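Trainee: I would like to learn how to read a model like this one. Please take me through it feature by feature.

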Amino acid sequence: MRSKNRIRKRQRVEIRRKFGKIMKCLCSGEQLGAVDEMFPSSDSLAIKDHSSSAASSKASEVGKKLDTGNIEEAESSLRESGCLNYEEARALLGRYEYQKGNVEAALHVFEGIDIAAVTPKIKITLSKRREHHKRRSQSNATPPMSIHAVSLLFEAIFLKAKSLQGLGRFKEAAQSCKVILDIVESSLPEGLPQNFGADCKLQETLNKAVELLPELWKLADSPHEAILSYRQALLLNWNLDAITTAKIQKEFAIFLLYSGGEASPPNLRSQMDGSFVPRNNIEEAILLLMILLRKVSLKRIEWDPSILDHLSFALSVAGDLRALANQVEELLPGIIHWKERYHTLALCYYGAGEDLVALNLLRKLLSRSEDPNCVPALLMASKICGENPDLAEEGISFACRVLESFDGGCNQLESIASCLLGVSLSAHSKSAVTDSERATRRSEAAQALETAGRMTRMSDPFILYHLSLENAEQRKLDTALHYAKRLLKLEGGSNVKGWLLLARILSAQKRFMDAETVINAALDQTGKWDQGELLRTKAKLQIAQGQLKIAIETYTQLLAVLHIQSKSFGSGKKLLKSSRTAKSLELEVWHDLASVYISLSQWQDAEICLSKSKAICFYSASRCYATGVIYEAKGLYKEALRAFGAALDIDPTHVPSLISTAVILRQLGNQSYAVVRSFLMNALQLDRMNHTAWYNLGLLYKAMSTASSSVEAIEYFAAAAFLEESAPVEPFR
């Protein structure tokens, strides 16, 4: 304790000694050479307003008092001389100590300045300076301080904040720094005029304070105050240069995106009618980053690749990748390489659901005249093609080109290429004409996926998912279940697709209670907005168990979630391509409910559900099909046939309508067997695993009453029975 007191006493003596040295220099009219040499400043002009002769007359008196260590009397004598007041002298000494690295000593000096006492004088001085600057004429009223003195005091407040920051006292530092901005804002509510304080360091200090304040609030763990200070920096006219403004905008956008908090919308006092006002963090960050990109295009600031990176993240979270594509397209040529531009645009359009646009961009990138061996583009093109059976053959070609370009160089990329090859082969098998060709492609697909799995030691979720899916579709349910469980363990239950696949496989094994338990576990670990598909699967599991009333309650719960979700996303947030839109899911839920009510013979309730569906989408094959089912249940076969025909007009590949049309035609008996058979064969071409189509084909051949047709009917009934035993409550894919 005594040693600390001795240290503090020595510090006070040292400060008084230096203070006395500065005072002697000031009183004799000399320049502070030592200070200005270390920190060049025009603030020495603050003392040029005073008479050096008046100061010299009391130099000896002040010197004597300083020699005796009576710093208070020395300060009093200097103030009486009119040379420099107490606060200004303290500001100079504090700056001197800070520049020497004596942070604690500098802070001790700065704390001796009574900011509250000089604030009114500073405000009056700034106001009068603005009036003088505005009228460009001399005013008779003399301001209480010179602009150089104001600049000197502002610098002292700023350096005090820096000193507190260096000592880890971040909240106090922020409060100190905020004083500067509050004074300027209240004195100059319209902002700083151009070249205001250009003859001193006032503008420079102000720029530093504006930039520092948000950082101090972040260090003080005060996110709300940090956001307010960022907005204060950007919405008021501080005469900041373009680079400083851009830096603040970028830092603010980064803070909004990654801070983890949610800010209240900004209160823009002077926005124009109809102008955009961001409603959440993401929107505000996107606005700032788009402003920065526009500045790059106008060549006001240099290109910064991280701006596009952060904007890509923000728009991905917002689900508006189409807007990101627009921003990339607007970039001037040469800012980013044309290959990167094409690849980025392809990613954007793919994420926005415009697969063909993305694929055409990739085809152009992969043309012989451009870059035919670009591996990322080849992989992405193969992935897009693998999702569309009509393009699957091209997807196989893209994947093979990747595999041919590798020679044991990168196992990870090679495994992804093998997986995509398997996916494309599986999709291509659906268009096979003969059973043998279909089986061959299925076998090749399984081999490619297993190769990818071995290369990654079954540690890649994407590969595991497709391995499980392929085995499930080939009705190898035990193998599919093994991979699905491994996938769920690997992902820790973080992906809804893994839960859904596991539940569907269990339902195909007729383990409905186990499947429902899996869905309930998934609901416990999943956010509200991701529960739509889970609740729909749960309702279908309940229907499979004959619990129709409970299923209706589950559908009602799902509709409530979708209603709230549509309101939330309607306020600006969109869903990504990988997520089903709330409207499309709601449409299917109304159709499911209509089917439940039809099975209960509650025609009026079913028709109400279909009217709700019609309000969402007028042209819906599923709605027309459900209408036909109602007519069929009532015995109105001709009306049912027209409804099924309307469904096929909207979607010629609607399998349930193809099957139901064949059933009605067979029951009416006014069409040949060939016509009925054509509808069923079309359905099986689209969905080879549809047990209902196989069953009705068996009934058709049985009705032919020939020896050969009876044999075929038995085969079709056997296929239908096998597929029905292993059919999930909803398609695996």
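Trainee: How many residues does the protein have, and what percentage of them count as buried?

Mentor: Buried means under 20% relative accessible area, with exposed over 50% and partly exposed in between, for a 1.4 Å probe and protein chains only. Of the 733 residues here, 47% count as buried. This is a predicted model, in which local features need pLDDT of at least 70, side-chain atom pairs count only at pLDDT 80 or more, and totals for chains, interfaces and linings use all residues. Residues are numbered from 1 along each chain as its sequence is written, and side-chain values use heavy atoms, with hydrogens and water left out.

Trainee: What is the secondary structure?

Mentor: Helices (H or I, at least four residues) and strands (E, at least two) are DSSP runs, numbered from the N terminus. The protein has 36 helices and zero strands.

Trainee: What percentage of contacts join residues at least 24 apart?

Mentor: Contact means heavy atoms within 4.5 Å. Among contacts between residues at least 6 apart in sequence, 61% join residues at least 24 apart.

Trainee: At what angle do α17 and α18 cross?

Mentor: Axes are lines fitted to C-alpha atoms, for helices over the stretch in contact, and angles run from 0 to 180 degrees between N-to-C directions. Angles under 35 degrees count as roughly parallel, over 145 as roughly antiparallel, 65 to 115 as roughly perpendicular and the rest as oblique. The axes of α17 (residues 338-351) and α18 (residues 355-365) cross at roughly 160 degrees and come within 7 Å. The two helices are therefore roughly antiparallel to each other. Residues in this contact include Trp 338, Tyr 342 and Tyr 349 of α17, and Val 357, Leu 361 and Leu 365 of α18.

Trainee: How do α25 and α26 pack?

Mentor: Helix α25 (residues 496-508) packs with α26 (residues 512-525) at an angle of about 170 degrees, the axes being 8 Å apart. This pair is therefore roughly antiparallel. Among the residues making the contact are Trp 499 and Leu 506 of α25, and Phe 512, Val 518 and Ile 519 of α26.

Trainee: Is Ala 480 buried or exposed?

Mentor: Ala 480 counts as buried because its relative accessibility is 0%. Its place is in helix α24 (residues 477-491). Leaving out residues up to four places away in sequence, Ala 480 touches Ser 468, Asn 471, Ala 472 and Ile 505. Glu 470 is ten residues from Ala 480 in sequence, with a C-alpha to C-alpha distance of 7.7 Å.
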